[in-house]
Amino acid sequence: MKTTVVDPSEIIIENSGSQQKDTIHANPWARLLARFTDYALFLFLLLGLSWSIHQGSTPKEAVWSERGWIPLEFFGWIPIEAAFLYFWGKTPGKAFFKICLKQGKRFKFDFRTSLRRSFNVWFRGLGMMIPFINLVCLAMAYYRLKTVKQLSWDKEELIVVSHGAIGRWRCIL
């Protein structure tokens, strides 16, 4: 019985015919802008809902008259972001800034993974939005993203984040 040995240089891999899109990896500023775009949209939605419930008062009195603890609103974004990642694979801010999250071959995550990632971003990446703690956490995330090119919550869930080229008009807007 004769066995045939195949040299690795003889292996032919067929291309699928699709072109790879040009991606830029580890853009911390685009990620920050996308995150805070999502937060701004969410807080405006909360402001509008609160204002519609409290028709006779100004928007500021309707939302922040009883308490001034803003980090709770950011905590409320966690399940909403997880739902966006579960159903569409990105949030409005990520879509606007051409940020793509991918776990293996999947562009959408299961809800548990989405929820865990959203919580870890809020807790470790933003320091629960507590003043001064969040600045330290953001600085550490920036440094890690620039040096290692991946953040701990993405590494734990085996998520690869890629960025498309964005124009200046998106950042200005």
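Reader: What should the 15 residues of helix H6 span, and how far apart are its end C-alpha atoms?
Author: This is a predicted model, and the values here are computed from it. At 1.5 Å a residue, H6, residues 133-147, should span 21 Å, and its end C-alpha atoms are 21 Å apart, so the two agree.

Reader: Which residues of H6 are buried?
Author: Asn134, Cys137, Ala141 and Leu145 are the buried ones. Seen down the axis of H6, these residues fall within an arc of 65°, so they line one face of the helix.

Reader: And what is on the face turned away from the buried side?
Author: That face of H6 carries the exposed residues Leu135, Met140 and Tyr143.

Reader: Which helices do the buried residues of H6 pack against?
Author: They pack against helix H1 (28-53), helix H5 (111-125) and helix H7 (152-156).

Reader: What happens just after H6?
Author: Lys149 takes a positive phi there, about 75°.

Reader: Back to H1. At what angle do the axes of H1 and H6 cross?
Author: They cross at roughly 140° and come within 10 Å. Angles over 145 degrees would count as roughly antiparallel, so at this angle H1 is oblique to H6.

Reader: Which residues make that contact?
Author: From H1, the residues are Pro28, Trp29, Arg31 and Leu32; from H6, they are Leu138, Tyr142, Leu145 and Lys146. By class, the contact of H1 with H6 has 6 nonpolar and 2 charged residues, with no polar ones.

Reader: How far is Leu32 from Tyr142, going by C-alpha atoms?
Author: Their C-alpha atoms are separated by 9.4 Å, while the two residues are 110 residues apart along the chain.

Reader: What about H1 itself, which residues there are buried?
Author: Pro28, Ala30, Arg31, Ala34, Arg35, Asp38, Tyr39, Phe42 and Ser50. As for length, the 26 residues of H1 should span 38 Å at 1.5 Å a residue, and the end C-alpha atoms are 37 Å apart, which agrees.

Reader: How does H1 lie relative to helix H3?
Author: The axes of H1 and H3, residues 71-87, come within 10 Å and cross at roughly 105°. That angle makes H1 roughly perpendicular to H3. H1 brings Arg35, Asp38, Tyr39, Phe42, Leu43 and Leu46 to the contact, and H3 brings Glu73, Phe74, Gly76, Trp77, Ile80 and Glu81. These divide into 7 nonpolar, 1 polar and 4 charged residues.

Reader: Take Leu43. What is Leu43 in contact with, leaving aside neighbours within four places in sequence?
Author: Leu43 is in contact with Glu73 and Phe74. Leu43 is partly exposed, at a relative accessible area of 24%.

Reader: Zooming out, how many helices and strands are there?
Author: The protein chain has 8 helices and 3 strands, in the pattern β-α-α-α-α-β-α-α-α-β-α along the sequence.

Reader: How many of the residues count as buried?
Author: Of the 173 residues of the protein chain, 32%. Among contacts between residues at least 6 apart in sequence, 70% join residues at least 24 apart.

How values were computed:
Residues are numbered from 1 along each chain as its sequence is written. This is a predicted model: local features need pLDDT of at least 70, side-chain atom pairs count only at pLDDT 80 or more; totals for chains, interfaces and linings use all residues. Side-chain values use heavy atoms; hydrogens and water are left out. Helices (H or I, at least four residues) and strands (E, at least two) are DSSP runs, numbered from the N terminus. The expected span of a helix is 1.5 Å times one less than its number of residues. Buried means under 20% relative accessible area, exposed over 50%, partly exposed in between (1.4 Å probe, protein chains only). The arc is that of the directions from the helix axis to the C-beta atoms. Contact means heavy atoms within 4.5 Å. Axes are lines fitted to C-alpha atoms, for helices over the stretch in contact, and angles run from 0 to 180 degrees between N-to-C directions. Angles under 35 degrees count as roughly parallel, over 145 as roughly antiparallel, 65 to 115 as roughly perpendicular and the rest as oblique. Ala, Val, Leu, Ile, Met, Phe, Trp, Tyr, Cys and Pro count as nonpolar, Asp, Glu, Lys and Arg as charged, and the others, Gly among them, as polar.
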